[in-house]
Amino acid sequence: MTDVIDASIVICAHTVDRWDDLSRAVASVRGQTACPREIIVVIDNNEQLHRRAADEIAGVTVLANDGPAGLSGARMTGADHATGAVIAFLDDDAVAETGWLAALLEAYRNPAVLGAGGPVEPLWRSPRPSWFPDEFLWVVGCTYAGMHIDGDRIRNPVGANMSVRTEVLRRAGGFTSDLGRRKLGFSVNGKARIGGKAESCEETEFCIRTAQLNPGGYWAYQREARVRHCVPAQRTTWRYFVQRCLVEGTAKAVLTRLTGRVAGLGAESRYVRDVLPRALALNLFAAIRGEAGALGRSGAIVAGLGLTAFAYARTRLNGVAPSQRPSAPLPVGPAG
């Protein structure tokens, strides 16, 4: 057993359009049953938002991203200034339940735990489309049906709700920017980052790398560490679904070049082999019984898999090579 562990909370933001969401995220952190050591808000390349946050959000540290543009750079800016033994990352459009931080910190009583995360539930801002399958909630940054959980162990948490030992993060070299959506070449109308987020799969790569560097260490899944992740109307469209699947397939191809196919696609292989066929069969039977939306969900499952596989294969065939991932000085054992 370890002593009481304190945590720094890092929230990254990049647009004034989500000011109300950011305010709610900060308020949810302030209302935790376990008090964080500090709250750090990192603004990614938006001077207007940086000034407003510094002026209007009291009692937090507001920083400008001083690393590569995007979510990975912003997270590492926050991590570089964090003083807690654990760093917890919360999305600027997510709301943490009051026991979120306490549940995350409970995991660190086990010295083998490298990091921890919990469920991310969708907070729909408009009616959920009847065609949207639970197995594709990863499209909107949430925990999806069929996510592989082995007892209390997972390969990687969802980025909207994850934490890590500060020492583990720093000695592993931090997050890579090779999986950024801008770097991968995806945008909407060539004007904006899809969904307003800069990265895809960077948490997966980081978690795989830290597990490889720390034999015997693992990532924990804390079921009581819940957050709700905002899903705005623009993320409920068929167009967004298609774009997000293409981003994911492309990112997974880069991920496997960084980590190897076994590590990079282990959970996905089970998902494709077991989860999606079962979901497709259940929805087809439901459609035969006349259940509204079931046929649409069946089509979305087939299309989502096909689009993601297409983007993956195209990227592999094109031979897109990522930069080297962050280097760690030496493999380390689980932090205690």
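By class, 5 nonpolar, no polar and 6 charged residues line the second largest cavity, where Ala, Val, Leu, Ile, Met, Phe, Trp, Tyr, Cys and Pro count as nonpolar, Asp, Glu, Lys and Arg as charged, and the others, Gly among them, as polar. The model is a predicted one, in which local features need pLDDT of at least 70 and side-chain atom pairs count only at pLDDT 80 or more, while totals for chains, interfaces and linings use all residues. Residues are numbered from 1 along each chain as its sequence is written, and side-chain values use heavy atoms, with hydrogens and water left out.

A search of the whole structure gives 2 cavities of 30 Å³ or more. A cavity here is a set of points, on a 1 Å grid over the protein atoms alone, where a 1.4 Å probe fits but cannot get out; lining residues have an atom within 4 Å of a point. Grid points are joined across faces, edges and corners, and a volume is the space filled by probe spheres set on the points. For the second largest cavity, that volume is about 30 Å³. Its lining includes Asp21, Arg24, Asp92, Arg228 and Cys230. Two or more lining residues come from each of α1 (19-30), β5 (94-96) and β11 (227-231), and α1 gives the most, with 3 residues. Helices (H or I, at least four residues) and strands (E, at least two) are DSSP runs, numbered from the N terminus.

Turning to charged pairs, the structure holds 21 salt bridges, each a side-chain nitrogen of Lys or Arg within 4 Å of a carboxyl oxygen of Asp or Glu. Asp92, one of the cavity-lining residues, pairs with Arg18, with the closest N and O atoms 2.7 Å apart. Asp92 sits in the loop between β4 (86-91) and β5, and Arg18 in the loop between β1 (7-13) and α1, 74 residues apart. Both Asp92 and Arg18 are buried (under 20% relative accessible area; exposed is over 50%, and partly exposed in between, with a 1.4 Å probe and protein chains only).

A salt bridge also joins Arg155 and Glu268 (2.7 Å, N to O). Arg155 lies in the loop between β8 (153-154) and β9 (161-165) and Glu268 in helix α9 (residues 261-288), so this pair ties together parts 113 residues apart in sequence. Arg155 is partly exposed at 23% relative accessible area, whereas Glu268 counts as buried at 19%.

How values were computed
On a 1 Å grid over the protein atoms alone, a cavity is a set of points where a 1.4 Å probe fits but cannot get out, and a pocket is an open set with protein on both sides within 12 Å along at least five of seven lines; lining residues have an atom within 4 Å of a point.
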